[in-house]
Amino acid sequence: MSSALQKNQLVQLTLCRLREFGREPEALFWTFFFPVVMAIALGVAFRNKAPDKNFIAVQQGPGADVAAAGLAKSPDVNVKVLDEGEAREALRRGSVALVVIPTANGYTFRYDPTRPESRVAHLVADDALQRASGRADTRVIAEEKVTDKGSRYIDFLIPGLIGLNLLSTGMWGVGFTIVRMRKEHLLKRLLATPMRKGWFLLSFIVARLAFLALELAILLGFAYIAFGVEIRGSIGAIAVLGLIGAVSFTGLGLLVASRSRTIEGVSGIMNLAQVPMWLLSGVFFSADKFPAAMQPFIRILPLTAMVDSLRATMIDGASLAASATSIAIITAWGVVAFAGALAIFRWR
């Protein structure tokens with residue numbers, strides 16, 4: 001087969017992929033608009049605002065009014081007096097983080113130590129009650145609140161959403177399309193043509209890249225306009241990272257769809273591959289929160305490498321050379337995945 005004919009096959013297959021994508025409103029939504037919806041929801045939820053009040057209940061009994069009055073002096077406390085049954089029920093439902101029980105010698109705190117808000121409420125309540133009892137601070141503590149761009153949660157979140165969207169679009173968009181074509185016997189028809197499966201699989205990657213620039217521009221542009229998220233590194237570096245990530249994750253999508261025959265089957269495999277990365281790769285919170293024993297496994301995940309390199313470029317202004325290890329991890333996953341897909345892919 002001539003080289004010109006092979007290239008023409010790739011062009012026609014890529015155009016076919018683009019037309020299929022444009023005819024699916026769901027694909028357009030998940031690729032271009034869902035990341036913006038996520039950015040709005042999480043950006044508003046974690047926007048710069050005054051700290052939430054600690055909801056604390058005081059159990060009725062001798063000394064309850066004094067305790068409630070002392071707690072009410074703290075601007076960080078929302079306090080109410082409840083009988084014992086109501087207080088226990090409120091703590092069980094999570095409507096209060098702490099129950100204060102006045103005793104003859106002081107107070108008993110009832111709370112769930114596994115809830116972070118309860119531990120915070122414990123500290124706030126102890127401080128408020130000690131102050132109400134006359135405690136004086138011996139040291140003056142000054143506060144310096146950090147609100148600089150680059151240190152906010154939304155600045156941390158946007159690179160994670162970009163990485164998550166590259167992964168999800170690369171896998172779901174490709175996986176569903178191939179399985180649908182196999183289920184409708186379209187692949188069987190292509191088997192009768194002189195087309196090589198390598199060109200067929202490569203067309204998905206090329207088509208994926210066609211939308212990459214618009215995808216990144218929409219999310220980054222919205223983040224800048226709505227939340228003032230800035231890119232301290234090079235726009236070119238972001239583009240290169242997006243390119244590498246899109247190719248790698250599309251390769252993973254090709255691999256999981258190479259033998260799958262049903263939508264249910266490929267959905268299960270993709271969820272098995274993606275969910276651990278959604279949870280472990282630091283999309284919504286730092287991956288450093290997981291135990292040290294898990295860190296070597298977490299660091300070799302492609303989404304972890306993708307998110308870390310994007311954050312280094314966007315927040316710290318790092319160059320591509322500084323993310324060489326992460327880029328190598330992402331590239332290795334993509335090469336292995338595409339090679340695996342090419343080896344096990346079946347038309348039927």
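Trainee: What share of the protein's residues count as buried?
Mentor: Of its 348 residues, 42% count as buried. Buried means under 20% relative accessible area, exposed means over 50%, and partly exposed is in between, with a 1.4 Å probe and protein chains only. Keep in mind that this is a predicted model, where local features need pLDDT of at least 70 and side-chain atom pairs count only at pLDDT 80 or more, while totals for chains, interfaces and linings use all residues. Residues are numbered from 1 along each chain as its sequence is written, and side-chain values use heavy atoms, with hydrogens and water left out.

Trainee: Okay. How many helices and strands are there?
Mentor: The secondary structure comes to 14 helices and four strands. Both are DSSP runs numbered from the N terminus: helices are H or I with at least four residues, strands are E with at least two.

Trainee: And what do the strands build?
Mentor: They form an open sheet of four strands in the order 2-1-3-4, with mixed pairing. Two strands pair if DSSP finds at least two bridges between them.

Trainee: Which strands sit at the edges?
Mentor: Strand 2 (77-82) and strand 4 (107-110) are the edge strands, and each pairs on one side only. On average, neighbouring strands of this sheet are turned by 25 degrees against each other, direction ignored.

Trainee: How do strand 3 and strand 4 run, parallel or antiparallel?
Mentor: Antiparallel, with four bridges joining strand 3 (residues 98-102) to strand 4. For instance, V99 has R110 in strand 4 as its bridge partner.

Trainee: Which helix packs on the sheet?
Mentor: Helix 4 does, touching strand 1 (54-59), strand 2, strand 3 and strand 4. Its direction makes about 140 degrees with that of strand 2. Contact here means heavy atoms within 4.5 Å, and such angles run from 0 to 180 degrees between N-to-C directions, with axes being lines fitted to C-alpha atoms, for helices over the stretch in contact.

Trainee: New topic: how many salt bridges does the structure hold?
Mentor: Eight. A salt bridge is a side-chain nitrogen of Lys or Arg within 4 Å of a carboxyl oxygen of Asp or Glu.

Trainee: Which residue does R93 bridge to?
Mentor: R93 pairs with E89, and their closest N and O atoms are 3.7 Å apart. Both lie in helix 4 (residues 84-93), four residues apart, about one turn of the helix. R93 is exposed at 54% relative accessible area, whereas E89 is partly exposed at 29%.

Trainee: What about D127, who is its partner?
Mentor: That's R131, with the closest N and O atoms 3.0 Å apart. D127 and R131 are also four residues apart, in helix 5 (residues 116-132), so about one helical turn separates them. D127 counts as partly exposed at 27% relative accessibility, and R131 counts as partly exposed at 42%.

Trainee: Now the inside. Which residues have the most contacts within the largest nonpolar core?
Mentor: I158, I162, I178, L187, F200 and L254 do, in a core of 56 residues. A nonpolar core is a set of buried Ala, Val, Leu, Ile, Met, Phe, Trp, Tyr and Cys residues joined through side-chain atoms within 4.5 Å. Helix 6 gives the most to this core, with 13 residues. There is also a second, separate core of 16 residues, which includes V58, L98, V124 and A125.

Trainee: How do helix 8 and helix 9 pack?
Mentor: Helix 8 (residues 197-210) and helix 9 (residues 212-227) meet at an angle of about 35 degrees, and their axes are 4 Å apart. R208, L209 and A210 of helix 8 make the contact with L212, A213 and E215 of helix 9.

Trainee: Last one: where is S258 found?
Mentor: In the loop between helix 10 and helix 11. S258 is buried, with a relative accessible area of 0%.

Trainee: Which residues does S258 touch?
Mentor: Not counting residues up to four places away in sequence, S258 touches R182, A341, I344, F345 and R346.
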